[in-house]
Every structure is written in C-alpha cells, then in structure tokens.
Amino acid sequence: MQRLNYIFVRLLELVPVALGITIGLFFLIRAIPGDPAVIRLGIRATPEAVANLHREMGLDKPLLVQYTIFLKDIASFKLGDSLMYQKPVTELMAERVPRTLFLALYATMLSLIITVPMALWAAVKKDKLPDNLIRGGFMLALGMPEFWLGVILLLVFSLKIGLFPVSGYGETFLEHLWHLALPAFTLALHQSSWMVRSLRSDIINVLHADYVDFARAKGLRERLVLVRHILRNALLPTVTILGVNIGYLVGGAVIVEKVFSVPGLGSLMLDSIFSRDYTVVQGVTLYFAVMVILINLLTDLVYSVLDPRVTLS
Amino acid sequence: MTTVASLHVPSKPGLYQKLTSRERIWYSNPSLFWGAVLVGLITLVAIFSKYLTPYDPITQDLKNIVQAPSAAHWLGTDQYGRDVFSRIIAATPLDLQIGILSVLFPLIIGIVVGTLSGYYGGLVDQIFMRLVDIFVAFPFMVLIIALIAVLGPGLKNVIIAVTIGSWIIYARIVRGEFLLAKQLEYVTAAKVLGYSDLRIMVRHILPNVISAVIIFGALDVALDILLAATLGFLGLGVQPPTPEWGAIVAEGRTFMVTAWWISFFPGIAIVITGGGFALLADGLADLLRTGGKEA
Amino acid sequence: MLQKLKVVIFVTLLLILVTSLVGCATPTAAPQAPATEQPAASATKETAKTEAPATAPAKKKVFVFGRYMDAITPDPVMNDANADLWYLQQYYSGLMRFTADNKVEPDLADRVEVSKDGLTWTYYLKPNLVFSDGTPITPEDWVWSLKRAADPNNGIWWFTFDAMKDVTADAEKVVFTLKEPYTPFEYTPAMFNAVVMPKAKVEAAGGWEKFMEKPIGAGPFILKEWKRGEYMDLIKNPNYWDAANVTMDEIMIKTIVDDNARILALQAGEVDAINYPPFNRVADLKADPNLQILTFPSTYTTYITLNNREAPLNDVRVRQALSYAIDRQALIDSVNFGVGTPAKGFRAPGTLYYNDQLVGWPLDVEKAKSLLAEAGYPNGFNLTMEIVTGREMHQQIATLVKDMWAKIGVNLTIVPLESGLYNDHYYNNQFQVHINGWTDDIPDPSEGVSYAMVYKTSQCFHTGWHSDEVDKMAADALKLPNGPEREAIYKQLQQIFNDNVPFIPLYHEPYLIIARNNVKNFVQTPLGSYIWRNIEVTK
C-alpha cells in the first residue's frame, strides 16, 4: 500500500516537471536566431515564399497565440505538426521510437553480458593481472569517443570483413539484431565501462561480508556462494546506473545514430534543432523528460523490491 | 570569559593526506599510477607543444595531400597536406584546456551552490532540488546544441555551454556531502561551541567534500574532452583551421576509406587523454575508499 | 534470481550467434538482382487499361538506388527540396515530360498547338487516360491540379504559372490562356508541379499531407510503400499509358545519409547505384572493376556572394580584383578532386543561350593588385566570410580562398556559423561574403537571370546589386519567342554580369552517379530529376 502511495506521488510530481521543461524549451528554441522557413528554402527564399511557408507552419500567428495552441495540444495529448514534414509529431515519433528503444534495450543487454562476467572476474582476482587489465581496459574504453569507435567498427567489420551490414534497420526481428549489432556494441562499451567499475567494487565489498563468510563456514561451494549471495546484493547499486543509462539511451543516442544511419529519435532530434523544427524538438524533449522520470521511478521501485531494507520516502 | 582552545576536530584522512603519506600507495594502485603517468605525459606535451611539432599545423601543402604515414610524415598528411602528427600535438593544449576549464567553472559554481543548499537546507534546498529534477530530465545534448546555436560555435562558447549544462551535477554532489556531514557529531559540537557557520563550512566540512568532487571532476575532464570532440565532430566546437582532436576526426571522415589515418590517430589521442583521466579518477576513488591497501 | 540472469545471458548470446550466422549466409539484405529475361508482352502500345502480363511469372526486375537524403514533403506543389522534386515524376505524370537533353516531349498529352499570338496553348490528350488505380483522369482533375500549382499561396513553384490567366479542360484537351506572351511556358507543363492528381482522392485522404504518403498518380510507377528515413518502394504501374516500355518491375529507393555507408552499400551490392558520392572517392572507386562512374551535365554552379551595399565591395573594381585573384582550377582540384570546370560567367555551359564568347576571369594576381590600387586600396583591406559549420565544401573553399586573397593584400577572416544562423544572415543581408550554389529548375535562362540579376526577385542573390536597364531587358526577353532577338538579349545580359560581377562564379560541376557495372540506361536530366523508365540491371 505504501508502495502504491509512493508511485502515485512520484507520478504526480512528473507533471509539473515535464511541463516546466517543455515550456522552458518552447521559449528557448524560439530564442535561437534562425527562421525555419528561411532555412528550409535556402537559396530559393523570397519574401512571398517565406510568407507562404509561415502560414503553412502556423508561424504567422503571434507568439502568445502559438503558445496557447501549444498548451491546448498538450492537454489533448497532441504535439502539433512538424514544421518540416507537415506530419503530426506523434506520428513521426511513433515511427522512430521503436527503433531507438530496440537499440537502447539491445545495447543494455549487450552491456550486461559484458559487464557481469568481467566485473566478477575482476573482483575475484582483485589486484592481480586480470583485474588490472580489465579495469585499465575499460577506463581506456571510456576515453573512446562514440563517433570514432563507430566509424572504425564500420570500416573494419562492415567493409573489410563484411560481417555486418552497413546501415539501416532491417525488416524482421533477426534482421534488426544483425543491423544494429555494431551500433549497439558501440553504446554498450561505454555503458559497460561505468557498470564494471561499480559492480566490481560492490562485489568486493560483499565478498567478505559476514553473511558470506557464514555461508562459507556452512560449507557452501565457493561458486554457489559467489553467485547466490554476492551477486544478488552487489547488483543493487548497479541497477541505479543501469536505470540512468537506459534513461539516456531512450532519448536517442544522437551520435551513434548519425554514424550508423539509424533512423531513430536521436537523429530526428538533431536534424530538428538544425532546421528549427520547433514542434518536433518540443515533442521529443517532452517524451524524453517523461521517460527519464518514469525510468527513475522504476529504478527506485526495483531497488526497493530487491532490497527489503530500503524504504521509499 | 573563558577561552576555549581551538577544537581539534577529527576528520577522515583526506585525499591530500593519503597522497602524501609514506605508504607506497602508488605501487599497489596501478590505476592511479598509470593514470598519473598518462595525464602527466599529456600535460608535458601540452606545455611544450610548440617545440614538438615538426611541421606548422596550419600551413597547407597542396602537393602532398593525403599521404600515408611515412618517415617524412609519421602519421601522414590530411587533405590540405598538413602533417597529422603536428596537428595532433598542436591540439593537445587546446583540448586539455577545454577539459579542465569545462570542469573548473562548474565545479566552482557547484561548490558554492551546493554548500549553501546542503548546509542551510530549507527553502533554498527545496528550490535547488526542483531545479535538479528539471535539469536531469532535460536532454543534455539538446541543451548544449541549443546553447551553442545561440552563442555561436568556438572554444569559449563550448566551455560556457558545458558549464551551464553541468554545474548542477557538482552542486548535487557537494550538497549530498554536506547533508551527510551536517549530521556528524563534530559538526554539532562545533556549533555548540559557537563557531561561525562559515568557519564550520570551510574548515571542517569542505575538505571532505573536496575529495568527492575531485574524483568526479577527474572523470568529468575525460567526459568533457569527449564532449568537445563530439561537438567538433558535429561542426559545433572549435572551428577549423584551429586543430582540435574531434574536429580533425570529423575532417577525416569523408576520407575514412582512402586515408584512414586522418581520423584514426586523433581518436587515439582522445583515448589516451580521456582514459588517462579516467584511470586517475578510478585510482583516486580507490585510494579514498581503502587507504591504498586492501581493507 | 541468478538462474534467470544466467538464462538471459545464455539466450542473448545464442541470439547473437545465430544472427551473425544468418548474416554471413545472406550478405545482402536487399532483393537479389533480377534475371535477364525481357518481358514477353507485345511491343505494340497497349491500351490504357491492361491486365496483368500474360507471361509466366519471371524473376522480378528490381533496381535499388541509394540516395543521401530522404524525401521530406513529396507533394508536387508544396515541396521545396531536391530530394522531393527529383523523384516525383516516377509516380506522377503530366501533359509533357523532359528528355535527357532538356527538351520536352508529350507524356499524357498527345500533341500541342500554340496560337499565333502565343496566348493560347492547347494540349490534346491521349485517349482513355487513367490513374494507377484504374480510375479515369477527369477534366476536373486537370483543372484542379493545375490551378493548385498556379496559386501564389501554395508553396514556391507557382511562378512557373505566373503568366497563366486561366486553364480549362474537357475530355479531349487542356487549354491554357496566358496574360501575355511568355516564351518559357513550353516547359511549364513538363515540370514536376504540373502533374495531374486525382482531386477526389486527395480530398478523401484528408489533404495533401496525408495523400503524399500513399499517393495515386499516373506515372510509370506506383509508390507502394514509404518508410520515412529508410526507403521508398516503387512498383511498376500497369495502367501507365507507356507501361509496355517500362523495363523495371520494382524500384527500391533507399536512404543512406552517411557517405561512407552509402559507398559501402554500393560495393557490397546492397544497392545498384548511388548519388552524391564524395569527390575524393572517385579515383579509388574508378579502379573498382565492379563499378562505373556516370557523370551527367548539370547547371550546378558554386559562387562567392558579395554584399555590394557597402565599401569596399560596392566598387566594381574591387569585385573584379577579388575574382581575378582566385585560382579556380586549384579549387576544383582540391575540393572536387578535379571534377568540374572553371566558371567563365554565371550561367553554365550547355544551357540555352549560353554566351561562349565570355572570357571569364583567368587567374591574374598582378591585374587584381592593380585593380585594387586603382580603386584606392593599394594595401588591401579586411573582409569577413561566413561559412556553415561542418560543411566540408565551405570549409575547403574558404581555406583556399583565404590563401589566394592574402596574395593581393585582402585579409579574410573566416567565421563559421550554424546553418540556421547562416541562412538567416543571408536572407536579411547581414553578411559581407558568403558561399552559395545554384541549379536551374527550368531549362530556360529566365529563372537563373531572374534570381541573379533582377532586383525584385531576391535582390540579385542578396548582393543588393541593382540595374533598371537589366530589369527591363529581362522582362522583355520573357515575352520574345525563342530566336535571334531573344538570344542576343540573354547573351548581352551575361556580358553585363561579367562586367559588374556582383557575385563571383567559381566553377560548375556535373551530377555524379556511381553505379554497378550491370546498370544500363541510367539517366539524370540537367534539371536533376531521374528518368528510370528504361533502366536495365543485367545479370
């Protein structure tokens, strides 16, 4: 019951925060110099053409009127029409969100596969060579810019070896896995670097805790001890990091999407800022804010479920 | 009137104590060691960069474009005939500057705000926490790109944009430390004895706070160098022909297949620098937790 | 809990393994290249309504094209990007169409008659015309589509119908009446905005924004599916009047934004041809035995825009000096790796009434210096050039030109701007020096002249240059029929341009397409649109 209360209060808090963000963004992005109609027309911009486009885009109305329309739209769960594509923003996002989510989850899965064994190994062999190599390796990996790593992977694995396709998204589930393998790995590497650090140190902390020694004393095999008692407790703080990372990823990994030509939310966001597509930027930002808050909530809940000692304030 | 001798406040051994202790912490902490080595190396290169460039990094040599690495040009030339090695070396002080300044300014602002918020609590703290919520949920890249679009690209504006985007994280760390410290006995004791707030904050609590912040800051330097490089890659960072690692990678992107060295080697420089700072941060964190040896 | 974790890890590893194996087995995700069988249908023109071909189902003939940018608003009237207008006439048709060499020929029309006074243009229609879904094209459809295109409140292409007073249609013909004689009108019905659309269907779909995603037209193909950001899938339109001569069954247009990725796809055989390859790849791709380099003449010209409104750029001698100081061939060699020709004027060679007597500005640093001295700047001056951040071509030109102008004492500061801001400055005339490019949208010189030299259109590319005499000459030339008198005016206008050089033309470059060797009959018209009716992809 207490948990339900907690969820309710947190969800309620979501509304003013999300609204605050979107309203702030409404004015911020319009403050950036640059007229979307002029940008779109480029060399073909004439005063008549620009006026026509303004009318199409709804930009011929005074700012406060635009703002009221915007608020009304949000109230009815609409996000307006894209200035560039003349399509409802919700439709544009609906096309892109699944791809970005797929990539986000795929990357997270890969990062878990990389992180858990590596962290375990490093913790168990603390301060010996495997530990140092793993820690050092991942720290260096943190220094690898995504755009650079992505381009190199593309070059080696797509061109030279031909193991993965060059771009795009594929049709079936299996094809998605295949097309997105390289971008997901690029993302996963950074995520793993964060998580290995944290997981390893938590495992180390737990490795010699009282209850673990007790289990050993009872005669439990080391591996079972490791797995049943240690891992479970050590995973907890890592869950938080995982949550933060997923939150970041669902906003669309802008750079990776650009390098690998994945038509997801991140590249939509990037393009929309440059073309001053106000409605799309507003819509995607609102979505991102809501997702981050929801995922934080979820993370806290998972944490409280895993560790009964944690109480939700 | 009674005078009280200055209260000796016990505090946890801070970073400074540990680093200067006689314990051979360096050898049992390879992250710290290697991190320091790499960072030291990069810093030296940055300081002496002018003397380390065999060619002028900006002069074009259109007869020698896109040459592969050779004895004459150790890392090859780019599409304007400029020596890649020289450009990478010349970019070092710039990227290092970006990394450090992008951490220094948010750090200072963050310490001030976080201290006020954490120590005094109340309304100030409430407002601050609301701000944190909003900033955290705001897509970071959008904020940075929007700010740069307003301010214009270039070194100075990148630092300003990153400062605006990241000060709150430092504030949050500082605040957290203050909340913790506030409850400790020695602080209560100091208050009872009538020490001014400012004195308590600065002399007793801040040193512990600094450790936490420095560790995060070292890592953040790495992240900010990456961010600057990414912005350079998007065309929003330092502008050509000024060499900057990310911008050089971007310049070489169209040549990935025919002249891979243009994009590859600056990436290595980023990895060494970013990785070095990350190792340093990792080592410092380890040091603080265990005192350099296994507990 | 750990059991679950182990299972998850194991399953995911297995999935990755399986997909890699699947991936290795089928290296291309695109449909396979088609067989060489020719359609067994008769060579005679079929009637408009056809049944499915009577031959046994042959292997589908598919052409896969990789382009660098997806369509944005592919509506014939409301679009404004090349990525839209170059592809519209795959599935829309109008009265006329362009040929590979910029002439017009009948498409849905049969023949045209022009009245003696040039004010009435009658297009006789072919019999029994239908849309791709079999419904007849009605006179109402024609009138609605053309009036929509001509409406000055719609989009930016209405100016091609500027001279039109009215349009009417009946079952046999479409008739235009003009306000005054307008020579370029012969091109108007061949343009992408003059295609016929089914009025009732557009309205039933809820407006052109919805209709453009599942359109119905009368072109050689049908847009079967459009996945934004990924691909457009076109299939042959069996109801096209000339379906017998359309060689492909299906065209897949894939969007691959990244240059390297696009080339990789071509090399891997995932696509059959690509556009906009980076110039620096031409040499090594030429050496690839599986690929061919196709160049098509275009009108694309790059130039440096100068704001003539203030000193020192308000002095024609200064502008001439800046132009003479530029080594255009060096620009072409560095930026385009040799692909292109130096510009001698603002019009591209091969266009109608191109003045081939023009000398242009061959590199002459001494002359430039003396011109500057004459104008009162013997020691040069400072200039600021704005470029778009991240745009490689801008950066390269700016860097090279800075060097070139330094030789005559002009100190150029390069200011990169984000593209939105750059456009803003251009539109509001808040710049000194910019870099721009231009392509003709119609084969007639009037459009190019209008933008470049007629003040009211766009202040002469925002240079602010103005000549009443030129305005009048251009207006007169619009009315004259094609012939020596018209030619003389346009040639003279080009000379006047070169004498005044309000902006500095740098070089022209062709369209570059890289295709696999088995692709034949790929055509890109000088206006940019692709003609894919007769493409062949042999085994």
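Predicted model: local features only at pLDDT ≥ 70, side-chain atom pairs only at ≥ 80, totals over all residues.
Start where chain A meets chain C. Chain A brings 54 residues to this contact, and chain C brings 64 residues. Together they bury about 5000 Å². Carbon and sulfur atoms give 64% of that area. The rule finds three salt bridges between chain A and chain C. One pair to look at is A:Arg40 with C:Asp80. The closest N and O atoms of this salt bridge are 2.9 Å apart. A salt bridge is counted when such atoms lie within 4 Å, so the pair A:Arg40 and C:Asp80 qualifies at 2.9 Å. Polar contacts are also present: six residue pairs, both residues at pLDDT 80 or more, are counted between chain A and chain C.

Which helices of chain A build the side that touches chain C? Helix 2 (36–41), helix 3 (47–57), helix 5 (89–124), helix 7 (146–160), helix 8 (173–179), helix 11 (222–250) and helix 13 (265–274) each supply at least two residues. Helix 3 of chain A gives the largest share, eight residues. By class, this side of chain A has 34 nonpolar, eight polar and twelve charged residues.

Now turn to the contact of chain A with chain B. Here 41 residues of chain A touch 45 residues of chain B. The two chains bury about 3800 Å² between them. Carbon and sulfur atoms carry 78% of it. Three residues stand out on the chain A side: A:Arg135, A:Phe147 and A:Trp148. They supply 16% of the area that chain A buries against chain B, more than any other three residues. How many salt bridges cross the interface of chain A and chain B? The rule finds zero. Polar contacts between chain A and chain B come to two residue pairs, with both residues at pLDDT 80 or more.

Again, helices of chain A can be traced along this boundary. Helix 1 (2–31), helix 6 (129–142), helix 7, helix 9 (181–207), helix 12 (254–259), helix 13 and helix 14 (278–306) each give at least two residues to the side of chain A that touches chain B. The side facing chain B divides into 28 nonpolar, eight polar and five charged residues.

The structure holds eleven cavities of 30 Å³ or more. The largest cavity contains about 170 Å³ of space. Its lining has 17 residues. Nearest its centre lie C:Gln89, C:Arg97, C:Tyr530, C:Ile531 and C:Arg533. Two elements of chain C give two or more residues to this lining: strand 2 (96–98) and strand 22 (530–531). Strand 2 of chain C gives the largest share, three residues. The lining of the largest cavity has nine nonpolar, five polar and three charged residues.

The second largest cavity has a volume of about 80 Å³. C:Leu85, C:Trp86, C:Gln89, C:Phe98, C:Met191, C:Phe192, C:Asp441, C:Leu527 and C:Ser529 line it. Six of these lining residues are nonpolar, two are polar and one is charged. C:Gln89 is found in the linings of both the largest cavity and the second largest cavity.

Finally, look at the backbone of chain C. Most residues other than glycine have a negative phi, and most peptide bonds are trans. Two places depart from this pattern. The peptide bond from C:Ala311 to C:Pro312 is cis, with omega near -5°. C:Pro312 sits in the loop between strand 13 (301–306) and helix 8 (316–324) of chain C. The other place is C:Asn102, a residue other than glycine with a positive phi, near 70°. C:Asn102 lies in the loop between strand 2 and strand 3 (104–106) of chain C. Strand 2 of chain C is also the element that gives three residues to the lining of the largest cavity.

Conventions: Residues numbered from 1 in each chain as written. Chains lettered and ligands numbered in written order. Heavy atoms only, no water. Contact = heavy atoms within 4.5 Å. Buried area = accessible area lost by both parts, 1.4 Å probe. Salt bridge = Lys/Arg side-chain N within 4 Å of Asp/Glu carboxyl O. Polar contact = N/O pair within 3.5 Å; in protein donor to acceptor, adjacent residues only side chain to side chain. Helix = DSSP H or I, 4+ residues; strand = E, 2+ residues; numbered from the N terminus. Nonpolar A, V, L, I, M, F, W, Y, C, P; charged D, E, K, R; others polar. 1 Å grid on protein atoms, 1.4 Å probe; cavity = no way out; pocket = protein on both sides within 12 Å on 5 of 7 lines; lining within 4 Å. Points joined across faces, edges and corners; volume = space filled by probe spheres on them.
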